[in-house]
Amino acid sequence: MALLVLIKMFGAVMLLLYAVRMVRTGFERASGPALRRAIGKASSGPVAGAVSGTAVAILLQSATAVAMLAAGFATSGFITTAAGLAVLLGADLGSSLVVQFLVFDLSWLVPMLLAVGAWLFLKIDSRSAKQTGRILLGIAFILISLQMIGEATTPFKEARFMPQVAGYLAQDASTALLVGALLAFLVHSSVAAVLMIAAFVQNAGVSLEAAMPLVLGANIGAGLVALWLTRGMDRKAKLLPLGNFIFRLGGASLAMFLVGSVDIPLEKISSHPAQQVVGFHVLFNLALVCACLPLTGLMGWLVERIVPESRKEGEAERLLPQSALDPRAISSPRQALASATRELLRMGELVEVMARPVILMLENGSEEEIRRLQIIDEQVNSIHSAIKLYVAEVNRGELSAEEAERSMELVSFAVNLERAGDLVAKNLLERALELQKNKIGFSDEGLRELTRMHDRVLANMELSLNVLVSGDVASARELIAEKDKMRELERESHDRHLDRLKSRTLESMESSNAHLEVMRSLKEINSLFAAAAVPLLAREGQLRETRLVPAE
């Protein structure tokens, strides 16, 4: 009987973790660029950073995911340590609000979420519809897993050992703190950990006196997760989770003292014990934001001294392989072409790194940030030359017809990526420099139009690199179809821009040349990446030879 209960509990927890990840994946694929851009704007102030962190964490249902995104921005130098800490404080509050929503009885929603989510995911071809379906299915699975956790924990209430365990945790707050931290670290999610603690309080007889230190421990454990995940990253990436962990640890220690000395009226939050536990979790994170937000600058200064720069980092980077092109594989065409494909992926990812913050740079990029991005184009050009020479060397050997065709496809795509890199560095980023130098900005409507195009291009970049490796025909068809959608977006934006010029909108008149140039460049970059799908669809006989209507 006990084994069956544990199996049910384990299965429910795994379903919960999978469902949370499913929702996060849906939002990342549907609105990934917009979410990253929201975090990138954190440098405008600590309050704005906290608000953006809260919003993104609610959508992704994970403060850890926000921490990883912010760490990436910190590594690139787009946000300071203080700004990143503000984002993480907001993310902690956002994830606690997610728990607050999920703890309510929403079982009546499950059938509708399953029906609509599955229909969108399975029957609608639109990318946004599929990701919306994924999100709805993920939320439904979360609610189902919570029902399963509730059913699995109910027998614990009748277990003979449970009163002793619950009593011990209530009397020994330090042990309860450690148990909560270990639980959150093991499941890698404060959302899952707090929901499990709430379920034990509701169904297994764990008292609120034991639950509060368990919740505080879960907050500490969630901070450890981000520290663990960034352990191998750049120094700047490590600073954010370290500062956030110190905030959590200090806040939890102070809260432990208050819990032991002050009577907290949780009954005013709700009459249900589970909701009281979650309410305490939200209040703790809200208090943490209010208390620590003014201290982000000081904490940034502190962690930068705790983690000094290491001379070995530069030496380690020089020891890492700089290229996937293996000279020893040239005599084996299949292996050599696989090496060239890996190097093409690296080249495409570098172009994506340059392109991702373009809208931020157009809005308010500094010359230092823009120049740092433009330098990446030199590496893109270097990889382009290396791939061409490598494939030429491979072609000197004996290749099958299929291998020869593949080698030409790889070189052609390398040329496209090099051209895309030039468009980003020499068109888009140079235009950003001009805008900042002349203090010119786009109109709100114009910026929204360019942002929609930019988001679509970034999504298609990722899809293009997936097609290059997987050879998936369905993805290739979607990629080609995106060219038509991008063409429609360009035409709509062009027409609206002309309307704004006719109405003599000042920002549109000042930024007209920049708007049209950015629009054309985004469309061309999208076409260059979409070209990865052409050879595959041509081989499958799924491309028309011409778009012209036959002449009569």
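Author: What follows begins with the pocket and then moves to salt bridges, cavities, cysteines and a surface patch.

The model is predicted, so local features need pLDDT of at least 70 and side-chain atom pairs count only at pLDDT 80 or more, while totals for chains, interfaces and linings use all residues. Residues are numbered from 1 along each chain as its sequence is written, and side-chain values use heavy atoms, with hydrogens and water left out.

The largest pocket holds about 740 Å³ of space. Grid points are joined across faces, edges and corners, and the volume is the space filled by probe spheres set on them. The lining of the largest pocket has 26 residues, and those nearest its centre are Arg29, Arg127, Gln131, Leu463 and Glu478.

Four helices each supply at least two of the lining residues: helix 1 (2-40), helix 6 (127-153), helix 19 (444-470) and helix 20 (473-502). Helices here are DSSP runs of H or I with at least four residues, and strands are runs of E with at least two, numbered from the N terminus. Helix 20 gives the largest share of the pocket lining, seven residues.

A salt bridge is counted when a side-chain nitrogen of Lys or Arg lies within 4 Å of a carboxyl oxygen of Asp or Glu. Side chains of opposite charge can pair when their charged atoms come close. Glu445 pairs with Arg500, with 3.6 Å between the closest N and O atoms. This pair links distant parts of the chain, 55 residues apart, with Glu445 in helix 19 and Arg500 in helix 20. Buried means under 20% relative accessible area, exposed over 50%, and partly exposed in between, with a 1.4 Å probe and protein chains only. On that scale Arg500 is buried at 6%, whereas Glu445 is partly exposed at 35%.

Because Arg356 sits in the loop between helix 15 and helix 16 (358-364) and Glu462 in helix 19, the pair ties together parts 106 residues apart in sequence. Glu462 has 35% relative accessibility and counts as partly exposed.

The salt bridge count comes to 22. One of the pairs is Arg520 with Glu517, at 3.4 Å from N to O. Both residues are in helix 22 (residues 512-530), three residues apart, about one turn of the helix. Glu517 is buried at 18%, and Arg520 is partly exposed at 44%. Salt bridges also form a network that links Glu405, Arg406, Glu409 and Arg539.

The whole structure has three cavities of 30 Å³ or more, and the largest cavity has a volume of about 60 Å³. Among the residues that line the largest cavity are Leu88, Asp92, Asn244 and Arg248. Helix 3 (63-76), helix 4 (81-102), helix 10 (208-229) and helix 11 (235-261) each give two or more residues to this lining.

As for cysteines, a disulfide is a pair of sulfur atoms within 2.5 Å, and the count comes to zero. The sulfur of Cys290 has its closest cysteine sulfur in Cys292, 9.6 Å away, too far for a bond. Cys290 is exposed at 56%, whereas Cys292 is buried at 8%.

Leu295, Leu298, Trp301, Leu302 and Ile306 make a nonpolar surface patch of about 470 Å². Patch residues have over 30% relative accessible area and no salt bridge; nonpolar side chains (Val, Leu, Ile, Met, Phe, Trp, Tyr) are joined within 5 Å and like charges within 9 Å. Accessible areas come from the Shrake-Rupley method with a 1.4 Å probe, and for residues only the protein chains shown count as cover. Trp301 lies in helix 13 (residues 296-306) and is partly exposed at 45% relative accessibility.

Note on methods: On a 1 Å grid over the protein atoms alone, a cavity is a set of points where a 1.4 Å probe fits but cannot get out, and a pocket is an open set with protein on both sides within 12 Å along at least five of seven lines; lining residues have an atom within 4 Å of a point.
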